[in-house]
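Visitor: I would like to learn how to read a structure of this kind. Please take me through its features one at a time.

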Amino acid sequence: MIEEITIQELAAMEPSACQIIDMRDSTAFALGHIDGAVLIPQKELEASHENLPKDKTLVIYCRSGILSADVAEQLREEGYAAVNLVGGYVKWLQEKIRRETKNEKAAEVEQGLRKKFHRVIFSRFAKAIKTYDLLQPNDRIAVCISGGKDSMLMAKLFQEIQRHGKFPFELVFLVMDPGYSAENRQIIESNAKLLQIPITVFETNIFDSVYHVQNNPCYLCARMRRGHLYNKAKELGCNKIALGHHFDDVIETILMSMIYGGQVETMMPKLHSANFEGMQLIRPMYLIREADIKHWCRYHDLQFIQCACHFTDTCTTCDPDEQTVSKRMVVKQLIAKLAEENPQIEKNIFRSVENINLNKIISYQKDHVVHSFLDDYRNE
């Protein structure tokens, strides 16, 4: 019995003769999966598989074909015709991007932003720029691309608004490689070519630096990445860096600050850099919903890396179940549950930091000075 199968061999198989099983988590599956695959997360697949067909070849894959090899072996020991997909989802995605016709896909995506996704994506991008005064004539903006769906869409939106804008400004599409695997680096570069985004890549060793950090490695990694991006952007003559945080990131941050930080804060649409004089950070995706970004990806059959750090490189990110260790995932699930009963929940969370009534606040800080309601109460 064979133990593994290549992407090319899978493509040559009769679809009715095999069952492709994606053992990553539901979040990763929703962002992209192999055509025809069914989702059975690893824990579920290992715990119970009596309903799997024994008259078909079971093609098992994870993110990179490492964890799925062990699961496929376990299934073979129990009598199933299970094989591991060599290279997993990442390898399949590389092959898919390679087969795409670059010029046709880029034109299709650009047309989509002008028509089908104009109202829910492009108009909200333009509205955020106008509402929060994010863009001025002769700006030189470093559009920071991580390789995920949000930053890739942001790059295309900037190209579109530059093409039809009212005043001149410059763009540098900046990709920092903090230590990506060769496979992830290739996917980012291939997607950039596919979408005709002329990226500038620079390398750092951030992943190696934080790999053995015990406490809050993700926080430290994010801080280091931000600093490197500012530094490189300034070196390239930019006065702003643009990050791809969207509406859902904003409202999740508001609740996370309250629940886990004991404070009312939000992710601001723009900030002055504290350490790089003359530099600003802007978030032009501020009003765009994540659901619309996912719809954009599905509609154009675009698939990007989900997470490419060393902590998740073997297979997946965080489990979207009740045992998840990601605070952001917990808050995302909470908002989704609340929205089932009240569709206005997301908008209300967002508006809550626009409608703060200082007469109903115990205390607040401004410029590191604490102001108490008692300050005015004694004088009334």
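**Reading the model**

Guide: Start with burial, where buried means under 20% relative accessible area, exposed over 50%, and partly exposed in between (1.4 Å probe, protein chains only). Leu-302 has a relative accessibility of 4%, so Leu-302 counts as buried. This is a predicted model, in which local features need pLDDT of at least 70, side-chain atom pairs count only at pLDDT 80 or more, and totals for chains, interfaces and linings use all residues. Residues are numbered from 1 along each chain as its sequence is written, and side-chain values use heavy atoms, with hydrogens and water left out.

Visitor: Where does Leu-302 lie, and with which residues is Leu-302 in contact?

Guide: Helices (H or I, at least four residues) and strands (E, at least two) are DSSP runs, numbered from the N terminus. Leu-302 is in the loop between helix H13 (290-299) and helix H14 (327-341). Contact means heavy atoms within 4.5 Å. Beyond its neighbours within four places in sequence, Leu-302 is in contact with Lys-105, Val-109, Leu-194, Leu-195, Trp-296 and Cys-297. Between Leu-302 and Leu-93 the C-alpha to C-alpha distance is 9.7 Å, with 209 residues separating them in sequence.

Visitor: How many residues has the largest nonpolar core?

Guide: In soluble globular proteins, nonpolar side chains tend to be buried together. A nonpolar core is a set of buried Ala, Val, Leu, Ile, Met, Phe, Trp, Tyr and Cys residues joined through side-chain atoms within 4.5 Å. Here the largest one has 93 residues, and Phe-158 and Trp-296 are among those with the most contacts inside it. Helix H8 (residues 149-164) gives the most to this core, with seven residues. Contacts of Phe-158 outside four places in sequence include Phe-125, Phe-169 and Pro-284. Apart from this core lies another, of 13 residues, including Ile-40 and Val-71.

Visitor: Is Glu-95 buried or exposed?

Guide: Glu-95 has a relative accessible area of 12% and is therefore buried. Glu-95 belongs to helix H5 (residues 88-99) and touches Ile-7 and Gln-8, not counting residues up to four places away in sequence.

Visitor: How many disulfides are there?

Guide: A disulfide is a pair of cysteine sulfur atoms within 2.5 Å. By this rule the count is zero.

Visitor: Where does pLDDT stay under 50?

Guide: pLDDT is the predictor's confidence in each residue, from 0 to 100. The protein averages 88, and 92% of the residues score at least 70. Over residues 312-324 pLDDT stays under 50, and the model has 41 contacts for them beyond four places in sequence. Where pLDDT is low, the predicted coordinates should not be read in detail.
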